[in-house]
Amino acid sequence: MQGRYGYCRYDLNENPEGLPQKFVKEVLSEITPEFLAIYPEPDRFLRKYAAHLGTAYKNVLATNGSDMAIRYILETFAEQGKEVVTVSPSFEMYRVNCSILGLVHIPVSYEEDFTIKIEKIIDAISENTDIVVLLNPNNPIGNVYTAEEIKTVVDRAAGVGAIVIIDEAYHYFYPETFLKDALQYDNVIILRTFSKLFSLAACRLGTVISNPDIIRYLKKAKLTFDVNSIALLFGERILEHPEIIQEMIREEAEGKQYILEALAENGYECRSCKGNFIFVKPKHPASEVGALLAVKKRVLVHSYSNPLLKDYLRISTGSRKAMETFLRAFLEVDQREAVHYDS
């Protein structure tokens, strides 16, 4: 969707309020004419990022958002006509890139109770599989995997020569990570993004974490000046201010707890997810409530045509203040405005 400026945005799992204004102003003051005239140099950011993770420079790579990392990995490690296994529903760019690159997308469906059976993922991996994708937590369902489940998938994939992508876009809202697996195994790649907690969706900054061989192949495949200097600068400065990271984590957790309790008090069925989002089941058709929120309140939420999710709205979570804004609009629309659809 275009034209989202000026709306209260709870539809794409962005931070509804963004980074602290004072911090943004301080970083912007560093952007001089000379700074803008120089081609991007990612190494300084990457060394700080590796230190932040507790790993080595040789294990990390910066890309123009996670979207571009996905493209590079599929282009590098998947052969045309071979299979990419994901759960379904999941982040759509995996399916989209399969279509673009001539790969066969193998979706493993969720159960009716919003669980995924790891046995079905294992069964979907064949000799024709080049890549297996696990989002942890998954978007949009918000489930996570155990260490045993991940090991089972990684071992099965290794047996057929396949790469396993563990997409941790929502890592900071769910601290468990499989970072050590990416450094320990030959066939595991971790993806992270600065678009969610770090609130840099506009700048496009993603990262790949893996063993040195995989990183070396991806460096050869990627564009020379893939990530812009403004994104790299903001990424550096965020890493230098862990207190900002911790405060944003705290604010989101507080806001999520508030909105779940407030919706439950108003009689709504909710699903708490491990990322910065929740599901709520409106009292009126979800797609109609979502459309009314946009038109009447300039509030954006995510509705679905998928049969499993069609009765729900996905709501991005943020600070308590941001969630109070959403709640006022939602209750007024679903409990008052939506009645017009019934008449």
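This is a predicted model: local features need pLDDT of at least 70, side-chain atom pairs count only at pLDDT 80 or more; totals for chains, interfaces and linings use all residues.
Strand E3 (residues 83-88) and strand E4 (residues 104-109) run parallel and are joined by six bridges. Within this pairing, Thr86 has Pro107 of E4 as its bridge partner. Together with helix H5 (residues 92-101), the two strands form a β-α-β unit that is right-handed.

In soluble globular proteins, nonpolar side chains tend to be buried together. The largest nonpolar core of the model comprises 69 residues, and the members that touch the most others are Phe45, Ile121 and Val153. The greatest contribution to this core, six residues, comes from helix H10 (residues 229-239). When neighbours within four places in sequence are left aside, the contacts of Ile121 are Val87, Val108, Ile116, Val132, Leu134, Tyr145 and Val153. Another core, of 25 residues, lies apart from the largest one; its members include Ile259, Leu263, Val299 and Phe326.

Met323 is located in helix H13 (residues 320-337). This residue counts as buried because its relative accessibility is 0%, the cut-off for burial being under 20%. Met323 and Pro16 are separated by 307 residues in sequence, yet their C-alpha atoms are 9.0 Å apart in space.

Terms used: Residues are numbered from 1 along each chain as its sequence is written. Side-chain values use heavy atoms; hydrogens and water are left out. Helices (H or I, at least four residues) and strands (E, at least two) are DSSP runs, numbered from the N terminus. Buried means under 20% relative accessible area, exposed over 50%, partly exposed in between (1.4 Å probe, protein chains only). Two strands pair if DSSP finds at least two bridges between them. A crossover is right-handed if, with the strands pointing away from the viewer, the path from the first strand over the helix to the second runs clockwise. A nonpolar core is a set of buried Ala, Val, Leu, Ile, Met, Phe, Trp, Tyr and Cys residues joined through side-chain atoms within 4.5 Å. Contact means heavy atoms within 4.5 Å.
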